[in-house]
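Thanks for coming. Please look at the sequence and the model on the screen while I talk.

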Amino acid sequence: QVQLVESGGGLVQAGGSLRLTCAASGRTFGTYGMGWFRQAPGKERDFVATISWSGATTAYADSVQDRFTISRDNAKNTVYLQMNSLKPEDTAVYYCATSPFRFAPTDLKQYSYWGQGTQVTVSS
């Protein structure tokens, strides 16, 4: 079993930046795509960004394109989400997850293991 722990969330002013970190532990044998998803109050959990195992392929939701950057360090079993130019609409609980595939689909139903999330709040 894989355990995922997100960190780096917090309260930030609009226009500011945060970097989220997802650390994987446990049985991480194999290769996995990784993704970040978020869920705002009263809304469904949505795709934010994904990255393939090699890091060669990334995908972003239109709402975060050109503002967020996903990256990974496989030697450290860690994935990051750099968030710049944050907007109040970015306020949500952010989750990282692993896919059983080397590539990273954008459909959250294709992810097997999930962290418990980290809260990001952007004030106006």
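Start with β4 (33-39), a mostly covered strand: six of its seven residues are buried. Buried means under 20% relative accessible area, exposed means over 50%, and partly exposed is in between, with a 1.4 Å probe and protein chains only. Strands here are DSSP runs of E with at least two residues, numbered from the N terminus.

A word on where this comes from. The model is predicted, so local features need pLDDT of at least 70 and side-chain atom pairs count only at pLDDT 80 or more, while totals for chains, interfaces and linings use all residues. Residues are numbered from 1 along each chain as its sequence is written, and side-chain values use heavy atoms, with hydrogens and water left out.

Now the partners of β4. Two strands pair if DSSP finds at least two bridges between them. β4 runs antiparallel to β9, with seven bridges; F37 has Y95 as its bridge partner there. β4 is also antiparallel to β5, through five bridges, one of them pairing M34 with I51. β4 and β5 form a hairpin with six residues between them, and G42 in that turn has a positive phi of about 75 degrees.

Next, the largest nonpolar core, which has 27 residues. Such a core is a set of buried Ala, Val, Leu, Ile, Met, Phe, Trp, Tyr and Cys residues joined through side-chain atoms within 4.5 Å. W36 and V48 are among those with the most contacts inside it. The largest share, four residues, comes from β3.

Which residues does V48 contact, leaving aside its neighbours within four places in sequence? Among them are W36, A59, F68, L81 and Y94, where contact means heavy atoms within 4.5 Å.
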